[in-house]
Amino acid sequence: MHRPWKWAAGVALSVSLVACGSPASLQVAQDTAVLDSQAVTSPPTVLQLKAAGSSSLQSAAPAGGALQNPEFGPTANIADGPSGGEADTLSAQALPSRRFQGGVNRRLPGTHPGKGVSTAAFGALKVSSAPTLALSFNGLNHRDTRTANGGNQFSNEPPDQGLCVGNGSVLETVNSVLRVYSTSGAPRTPPVDLNTFNGYPAAINRITGVSGPNLFDPSCHYDPDTRRWFHLTDTLGVDPASGNLTGKNTLDLAVSRTSDPTGAWTIYRLPVHNDGTDGTPNHGNCPCLGDYPHLGMNASGVYLTTNEFSLVTGDFNGVEIYALPKAKLVAGASTLTVVNFNLTDVTSPQPAFTLMPSITPGGRGEDDNQARSHGTEYFVSSLAVFADSGVSDQLVVWGLTNTKSLDSATPDLALNAGTVRVNSYAVPPAATQRPGTFPLGQCINDTTLATPFGPGCWRYLFTTEPAHNEVLSPIDSGDSRVQQVMYADGKLWTTLGTAVNDNGTDRTGAAWFILKPQTNKNKADAKVVRQGVVSVSGNNLLYPTVAVTTDGRAAVGATLVGTDHHPSAAYFGLSEDGATPVRVAAEGVGTQDGFSGYKAYGTPLRPRWGDYGAAATDGTSLWFANEYIAQTCTLAQYVTAPVGSCGATRTALANWGTRITQLRSGEH
């Protein structure tokens, strides 16, 4: 284990744009960027993976969304708070909750916000051409996920969006449903629950009480090279009768059999509990959770990464990389070989947490550099979570080389890591919200409203009276982990959330980096091409994700929230010239008002947001899925039957929504 980590569309905003400095200082940064490059010397593990069956986008009709017991699934006790190991993060007195065995904190112990980076030292920025807002429409929301499959679903926060676009379709996936749209925004399918899509029983059978596996942290990608869709989900095994976790954990990878995502898919289930059972390696203090899985791709391979946490102790074990042959996945092979790298303090040359794999927007993505290395998949990770200060001036670029060998019977891959000196970034603080109504919190506080159960709105939600001191909470901003990475025009484009100093107050901004990797068989080097921070005074930019066209035209999508904005879907343009002002694609209309923001539902208090947005490109357009709030209502509207529905715009326990945005990239 690593050491402890003691607007209306198109309206421009006032924005602080922070570049990496003058051309002279940029040149210095390029010359001195590479600090070192080291190889992972521990040999990888070779695993065998078998196809588990087929699937299609079928699901039962949605239900009404009324409160039902239980409302929370087995991952309710898997915390994401700043202090870890809580075995039960939901109150036992809450009517819709139930207890589950085990507990694990999916953040690094000791992680805390760093001091906001100052923007005063940065020079003026040449602003690139702004992208044009082409389309923006509402995506999936909490009501969709809770009512899908006849209501045999749990309540959850946050959505954790995945987005993939191609061949005239847009697929959005969240916790824990997916939906396909046309590129005009028209739905092609209803919301489809992830349990049914992946071939499992329902998350909870509301008639029998039988539980199915818990599926979460989805992501997806459309590969223009093979014209296939890839969908990844994290799956925790659950005892059907008790609802307790079994300790089994798989990464479920679905691969479409045609270029139409509404058609048939092949399902692969990769065991990642790593306790020596089911063909997994034995990592000692497992069974484990392969958390925060993400999906990368190059010409030869599909790459899955996870943060591994012990389900026994709650400790962070390290990072797992799984490399799979793309051609065999596309062919629907019944059996294929998987190469697994286990990155721990012993095996990794650099501290490893949240290795974000790169996606090549144009498909194959080969260039002269990759040809010399016989195919390379790049990953980027950040280091601020390892520092006691919560601040770092380094990124780690990882190069997995000889990926063309994945097509052979005996793959021979090499993994190298190099640190790159960048401008300082810091673990961001929670983001304050613009004031507004918060009817769930107000219902918990109310003691006088007449209900069928006695006085007090709280009686709709609990059997035992909670404290009546809820307030509108700030929104979680993450921990400066790297968000989406794209490899385009021979460069790595990536973003992360960072603390920024906004006139003496720490807020959250979006740090962006364009890196030029120079990987060969023996090292992984990279140089800074351009970097910067974008922030909006008095407000916060949360979970920034970048999309890039093959010729290097880019934009970043994020949630904008703060003094002037309810949680809104926003974006800014990006190129090697710099960044454009922030614009709003869809203005949020109300506050985030979900159960994870209230003490009555357990501690540590952490109003969930993120943990990630999503970005994609169809070759000519840039697409984003970001969390925002599309509804608002008063307490009086909230208690109008059916309770918590507010006119079928939300559920009693949460009101998150998502927004899908299409941009046309600007000229260079």
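The largest pocket of this predicted model has a volume of about 360 Å³, the volume being the space filled by probe spheres set on grid points joined across faces, edges and corners. A pocket is here an open set of points on a 1 Å grid over the protein atoms alone, where a 1.4 Å probe fits, with protein on both sides within 12 Å along at least five of seven lines; lining residues have an atom within 4 Å of a point. Of the 32 lining residues, Cys-220, His-221, Ile-359, Gln-484 and Ala-615 are the closest to the centre of the pocket. The lining divides into 17 nonpolar, 14 polar and 1 charged residues (nonpolar: Ala, Val, Leu, Ile, Met, Phe, Trp, Tyr, Cys and Pro; charged: Asp, Glu, Lys and Arg; polar: the others, Gly among them).

At least two lining residues each are supplied by β8 (162-166), β12 (214-223), β16 (288-297), β20 (356-359), β26 (482-488) and β35 (strands are DSSP runs of E of at least two residues, numbered from the N terminus). The largest share, 5 residues, comes from β8.

β35 also belongs to an open sheet of 4 strands, ordered β7-β37-β36-β35 with antiparallel pairing (pairing requires at least two DSSP bridges between two strands). β7 (132-141) and β35 (614-617) each have a single partner strand, so one side of each is left without a neighbour in the sheet. The antiparallel pairing of β35 with β36 (residues 621-628) spans 4 bridges, and Ala-615 stands opposite Phe-624 in β36.

Residues are numbered from 1 along each chain as its sequence is written. Local features need pLDDT of at least 70 and side-chain atom pairs pLDDT 80 or more, whereas totals for chains, interfaces and linings use all residues; side-chain values use heavy atoms, without hydrogens and water.
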